[in-house]
Structure formats: C-alpha cells, structure tokens
Amino acid sequence: MSEQILSVREAIINRRSIKKFNGKPVNREELMSIIDDAIWAPNHGNREPWRLVIACDEDLVAVQHLLRDLAIPKWQDLSSEDLVKQMTKFTLPGGFAFVIVPEDARQKERLEDYAAASIFIQNIQLLAWEKGIGSCWKTPGFLDNPKFREALKVQPGERVIAMLQVGYFDEVPKGKERKKSAQFVTNFGE
Ligand SMILES: Cc1cc2nc3c(=O)[nH]c(=O)nc-3n(C[C@H](O)[C@H](O)[C@H](O)COP(=O)(O)O)c2cc1C
C-alpha cells in the first residue's frame with residue numbers, strides 16, 4: 001500500500017496490525033513527522049504523558065541485538081528453523097518506537113495517562129497506515145526487564161507500555177470479525 005489520503009473512517013476500519021514486514025527501513029524523519037502529528041491525542045490536564053525511544057536507520061542493528069538477547073531465554077527449545085522464524089520478528093521491522101509513560105502514584109491520573117498514551121499510539125498507527133507504513137503494538141515479557149529498561153534509560157517511576165514495530169509490508173492480514181454494536185451495547189434503563 002502506498003501513501004494515499006484516507007478518511008478517518010477508512011483508516012480506522014482498514015488498518016490492520018502488521019506482523020510480517022518486508023525489511024525496508026523506515027526513515028527517521030518520516031517517523032518523527034508521524035509522531036509530531038500523533039501528539040494531538042487528547043490527554044487530561046495536557047500532561048502529554050508519554051515519551052518515546054525510537055530506533056531507525058543505523059540504530060536498527062543494535063536494537064535487534066538487544067531484543068534477540070532478551071528473547072533468547074524463551075527460545076531455547078526451538079528448532080533452528082523456528083528460531084530463524086522468530087528472529088525475523090526483530091530483523092524485518094523497518095523501525096521501532098518504545099513508548100514510555102509516567103507511573104503516577106495517584107490511580108486516577110495513572111489510568112488517564114495510560115489511556116492518553118494508548119490514544120497517542122493509535123494515532124501513530126493510523127497516521128503511519130496512511131503513509132503505507134504498517135505497525136504492531138507489542139507487549140513482550142521483557143518490557144519490564146531491568147536490562148531492557150537500562151538500555152532504554154527508563155527512569156524509576158516510568159514504564160514501557162509498548163514496543164511499536166513499524167515498517168513496510170507486502171500483505172495485509174485479514175481482520176478478525178468484530179462484534180457488532182447490537183451485541184454489546186444496551187440502552188440506558190434496560
Ligand atoms: C495493548 C496491546 C498489546 C498488544 N500486544 C501484542 C503482542 O504482544 N503481540 C502481538 O503479536 N500483537 C499484539 N497486539 C496486537 C493485537 O494482536 C492486534 O491489535 C489484534 O489482533 C487486532 O488486530 P488488528 O490490530 O489488525 O485489528 C497488541 C495490541 C494491543 C492494543
């Protein structure tokens with residue numbers, strides 16, 4: 001899919017999580033321009049409760065090594081064929097954005113901040129989609145691993161909530177059917 005102007009509806013309905021990338025790198029400036037638009041996410045008190053660590057271009061190899069080292073303990077029993085397959089999850093994305101949120105001590109603010117950062121992430125995914133760039137929000141087990149946090153310079157009181165993989169792709173996966181509104185919406189008083 002190449003760049004085209006999409007209506008909001010088209011972008012929401014047609015975007016799919018891309019889990020198979022084709023290896024073409026995503027340009028850092030392109031990703032930064034997507035992020036600069038995505039910041040218009042609603043967020044309570046204009047706290048803008050997010051910061052990102054991104055890896056594009058010449059940083060990709062270092063990130064791939066880090067992710068491989070973190071994931072390898074989980075892969076110990078895999079056949080070499082499956083191991084190669086797993087590795088492509090880290091080597092084929094064209095860029096990475098790790099999304100970090102503050103962990104407010106107050107529960108309401110913490111929930112609001114997570115919600116706002118989630119909207120911000122969806123904005124990134126939709127804006128990227130319009131540019132023909134796929135993405136997938138991933139939450140691998142190592143997001144809270146001290147080694148990973150240290151590599152990203154995550155501070156105490158912060159949490160990494162997403163590994164957003166971005167990149168170009170050759171195929172759009174078919175979306176799983178969603179429930180229709182009549183199945184989960186009830187009228188007040190019913
Ligand atoms: C909070 C969150 C965490 C997710 N974590 C993962 C993940 O760890 N691995 C993965 O393959 N997909 C992950 N996904 C992507 C979902 O699998 C995907 O959004 C879902 O299957 C719906 O597909 P669609 O995005 O194409 O509509 C995550 C999505 C969200 C919103």
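Helices (H or I, at least four residues) and strands (E, at least two) are DSSP runs, numbered from the N terminus. A128, for instance, lies in helix α5. The model is predicted: local features need pLDDT of at least 70, and side-chain atom pairs count only at pLDDT 80 or more, while totals for chains, interfaces and linings use all residues. Residues are numbered from 1 along each chain as its sequence is written, and side-chain values use heavy atoms, with hydrogens and water left out.

**The ligand and its surroundings**

- The residues around the ligand are R15, R16, S17, K19, C136, W137, K138, T139 and R178, where a residue is near a molecule if one of its heavy atoms lies within 4 Å of it.
- By class, this shell holds 2 nonpolar, 2 polar and 5 charged residues; Ala, Val, Leu, Ile, Met, Phe, Trp, Tyr, Cys and Pro count as nonpolar, Asp, Glu, Lys and Arg as charged, and the others, Gly among them, as polar.
- An oxygen atom of the ligand lies 2.5 Å from a polar side-chain atom of S17.
- For R16, a polar side-chain atom is 2.8 Å from an oxygen atom of the ligand.
- T139 takes part through its backbone, a polar atom of which is 2.9 Å from an oxygen atom of the ligand.
- Taken alone, the ligand exposes 620 Å², and the protein buries 60% of that; accessible areas come from the Shrake-Rupley method with a 1.4 Å probe, and for residues only the protein chains shown count as cover.

- E158 is found in strand β4, which covers residues 158–167.
- E158 has a relative accessible area of 15% and is therefore buried, a term that means under 20% relative accessible area, with exposed over 50% and partly exposed in between (1.4 Å probe, protein chains only).
- The side chains of E158 and R51 are joined by a polar contact of 2.8 Å; a polar contact is a pair of N or O atoms within 3.5 Å, and within protein one must be able to donate a hydrogen and the other to accept it, while residues adjacent in sequence count only if both atoms are side-chain atoms.
- Not counting residues up to four places away in sequence, E158 touches R51, I100, V101, P102, E103, R149 and K153, contact meaning heavy atoms within 4.5 Å.
- Q165 also lies in strand β4, and its relative accessibility of 1% is why Q165 counts as buried.
- The side chain of Q165 reaches the backbone oxygen of K89 at 2.9 Å, and a polar contact of 3.4 Å joins the side chains of Q165 and K138.
- Beyond four places in sequence, the residues that Q165 touches include F21, F90, F96 and C136.

**Aromatic pairs**

- Rings of Phe, Tyr and Trp (its six-membered ring) pair if their centres lie within 6.5 Å; planes under 30 degrees apart count as stacked, over 60 as edge-to-face and the rest as tilted.
- By this rule the count comes to 6 aromatic pairs.
- The rings of W129 and F169 have centres 5.3 Å apart and planes at 10°, so this pair is stacked.
- Because W129 lies in helix α5 (residues 107–130) and F169 in the loop between β4 and α7 (181–184), the pair ties together parts that are 40 residues apart in sequence.
- Both W129 and F169 are buried.
- One aromatic cluster is formed by F96, F98, F142 and F148.

**Buried helix residues**

- L60 lies in helix α3 (residues 60–71) and is buried, with a relative accessible area of 10%.
- L60 and G95 are 35 residues apart in sequence, and their C-alpha atoms are 6.8 Å apart in space.
- Leaving aside neighbours within four places in sequence, L60 is in contact with A55, P93, G94, G95 and F96.
- A128 is buried at a relative accessible area of 2%, and beyond four places in sequence A128 touches I34 and I133.

**Positive phi in loops**

- E48, in the loop between α2 (28–38) and β1 (51–55), has a positive phi near 45° although it is not glycine.
- E48 is partly exposed, with a relative accessible area of 44%.
- K153, in the loop between α6 (146–151) and β4, is another non-glycine residue with a positive phi, about 55°.
- K153 is exposed, with a relative accessible area of 62%.
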